[in-house]
Amino acid sequence: MKNLLIYINPRHDFGVEEKLTAKIQIDNSLELGWKREDILLVTNFPFEYNGVKSLLIGDDNFNSFDPLSTKTYAIPSLFEQKLIEKREIYWAHDFDVFQNVPITQSEMEMEMVDANIGLTDKGRMPRWNGGSIFFRESAKDIFNLAKEIMDQ
């Protein structure tokens, strides 16, 4: 399983709060048993912290219309660059979504046995939460369609 964090910014840098949150996310993930190579920090600028180095994608992956949706907007680029592997489950989440307990690939495979994508809800209301998404390589068409709709 891969822990996917995406942060694209036209300034080519983290803000003060986001930089701190990125470091906390990396440290928290390592403490919960993630391997460094399974933490995928995707940015449009170089960044490295505690052995995790960012994967670079272009500025065109920033969603200027809805910056909070940039994560979903940028995922099709990861498919195009062949960074999304078959047989892996990806957990794409916002920087303010913190993991509290370990999550395993086998646990997620049981939860997503016939699913391409797993969406969480807001907890307090019956709405999808785009801040925490589990997906497989087979969800490529879903993300491409989401980006197409966002572009419209």
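**Close-up A. Helix α2 and its buried residues.** In helix α2 of this predicted model, Thr-70, Lys-71, Thr-72, Tyr-73, Ala-74, Ile-75, Pro-76, Ser-77, Leu-78 and Phe-79 are buried. Buried means under 20% relative accessible area, exposed over 50%, and partly exposed in between (1.4 Å probe, protein chains only). Helices (H or I, at least four residues) and strands (E, at least two) are DSSP runs, numbered from the N terminus. Helix α2 covers residues 70–80; 10 of its 11 residues are buried, so it is largely enclosed by the rest of the structure. Its buried residues pack against β1 (2–7), β2 (39–43), β6 (90–93), β8 (128–135) and α4 (140–151). Contact means heavy atoms within 4.5 Å. Just after α2, Lys-82 takes a positive phi of about 60 degrees.

Residues are numbered from 1 along each chain as its sequence is written, and side-chain values use heavy atoms, with hydrogens and water left out. Because the model is predicted, local features need pLDDT of at least 70 and side-chain atom pairs count only at pLDDT 80 or more, while totals for chains, interfaces and linings use all residues.

**Close-up B. A charge over Tyr-73.** Lys-147 lies over the face of Tyr-73, at 4.7 Å from the ring centre. A charge sits over a ring if NZ of Lys or CZ of Arg is within 6 Å of the ring centre and within 35 degrees of the ring normal.

**Close-up C. Aromatic pairs.** The whole structure holds 11 aromatic pairs. The centres of the Tyr-7 and Phe-95 rings are 5.9 Å apart and their planes stand at 70 degrees, so this pair is edge-to-face. Tyr-7 is in strand β1 and Phe-95 in the loop between β6 and α3 (105–111), 88 residues apart. Tyr-7 counts as buried at 12% relative accessibility, and Phe-95 counts as buried at 11%. Phe-79 and Phe-135 form a tilted pair, 6.1 Å centre to centre with 45 degrees between the planes. This pair joins helix α2 to strand β8, with its two residues 56 apart in the chain. Phe-79 is buried at a relative accessible area of 6%; Phe-135 counts as buried at 0%. Rings of Phe, Tyr and Trp (its six-membered ring) pair if their centres lie within 6.5 Å; planes under 30 degrees apart count as stacked, over 60 as edge-to-face and the rest as tilted. Tyr-7, Phe-14, Phe-45, Phe-47 and Phe-95 form one aromatic cluster.

**Close-up D. Strand β8 and its partners.** Six of the eight residues of β8 are buried, so this strand is largely enclosed by the rest of the structure. Strands β6 and β8 pair in the antiparallel sense over four bridges. Ala-92 has Ile-133 of β8 as its bridge partner. Strand β7 (residues 117–121) runs antiparallel to β8 and is joined to it by five bridges. Here Thr-120 has Asn-129 as its partner in β8. Two strands pair if DSSP finds at least two bridges between them. The β7 and β8 hairpin has six residues between the strands, and Gly-123 takes a positive phi near 85 degrees there.

**Close-up E. Two nonpolar cores.** The largest nonpolar core has 19 residues; Met-1, Phe-14, Leu-41, Phe-95 and Phe-134 have the most contacts inside it. β1, α1 (16–31) and β2 each give it two or more residues. The largest share, three residues, comes from α1. Apart from this core lies another, of 17 residues, among them Val-42, Ile-75, Ile-84 and Ile-133. A nonpolar core is a set of buried Ala, Val, Leu, Ile, Met, Phe, Trp, Tyr and Cys residues joined through side-chain atoms within 4.5 Å.
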